[in-house]
Amino acid sequence: MCSSDLAYLARSLAQQASVVLLDEALSGVDEPTTEELFDVFATLVEQGTTLLVATHDLGLVRRRFPRCLAVNGTLLVDGAPADVLSMEAVDTLFSARPAP
């Protein structure tokens, strides 16, 4: 997460946003910083904030997130990571054509 990403996150926290969208916010972040961010995420969720985290790190999704949305131009699958990231669902996701 670069300094501008941290600034956007800080601004959304200061504004007490009800929904926060993080696009690849965990890409290239070291493990200690990732843990700190997940502590912040947990606090936000406890306060009622909805977090949407876009990532291509499917292993991280399986390990750390309670819900997963698979999107390829449109919502294809929504549910627990174990269900959404099943071989069949991933095959469907990656073979789907994006919506025009």
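## Basis and overall make-up

A residue is called buried under 20% relative accessible area, exposed over 50% and partly exposed in between, with a 1.4 Å probe and protein chains only. Buried residues account for 27% of the 100 residues in the protein chain. The model is predicted: local features need pLDDT of at least 70, side-chain atom pairs count only at pLDDT 80 or more, and totals for chains, interfaces and linings use all residues. Residues are numbered from 1 along each chain as its sequence is written, and side-chain values use heavy atoms, with hydrogens and water left out.

The protein chain has 5 helices and 4 strands, taken as DSSP runs numbered from the N terminus (helices H or I, at least four residues; strands E, at least two). Read from the N terminus, the order of elements is α-β-α-β-α-β-β-α-α.

## Aromatic pairs

The whole structure contains 2 aromatic pairs. One of them joins phenylalanine 38 and phenylalanine 41 edge-to-face, at 5.4 Å centre to centre and 70 degrees between the planes. Rings of Phe, Tyr and Trp (its six-membered ring) pair if their centres lie within 6.5 Å; planes under 30 degrees apart count as stacked, over 60 as edge-to-face and the rest as tilted. Phenylalanine 38 and phenylalanine 41 are 3 residues apart in helix H2 (residues 31-46), so about one helical turn separates them. Phenylalanine 38 is buried at 8% relative accessibility, and phenylalanine 41 is buried at 4%.

Ring pairs gather Phe38, Phe41 and Phe65 into a cluster.

## Nonpolar core

The largest nonpolar core has 20 residues, of which Leu22, Leu26, Leu37, Phe38, Phe41, Phe65 and Leu85 touch the most other members. H2 gives the most to this core, 4 residues; S1, H2, H3, S3 and H5 are the elements that give two or more. Such a core is a set of buried Ala, Val, Leu, Ile, Met, Phe, Trp, Tyr and Cys residues joined through side-chain atoms within 4.5 Å.

## Largest pocket

The largest pocket holds about 900 Å³ of space. A pocket, on a 1 Å grid over the protein atoms alone, is an open set of points where a 1.4 Å probe fits, with protein on both sides within 12 Å along at least five of seven lines; lining residues have an atom within 4 Å of a point. Grid points are joined across faces, edges and corners, and the volume is the space filled by probe spheres set on the points.

The lining comprises 29 residues, with Val53, Ala54, Arg67, Cys68 and Leu69 closest to the pocket centre. S2 supplies the largest share, 5 residues. By class, the lining has 20 nonpolar, 5 polar and 4 charged residues; Ala, Val, Leu, Ile, Met, Phe, Trp, Tyr, Cys and Pro count as nonpolar, Asp, Glu, Lys and Arg as charged, and the others, Gly among them, as polar.

## Positive phi in two loops

Glutamine 16, in the loop between helix H1 (3-14) and S1, has a positive phi of about 55 degrees although it is not a glycine. Glutamine 16 is exposed, at 69%. Glutamate 24, in the loop between S1 and H2, also has a positive phi, near 55 degrees, and is partly exposed at 24%.
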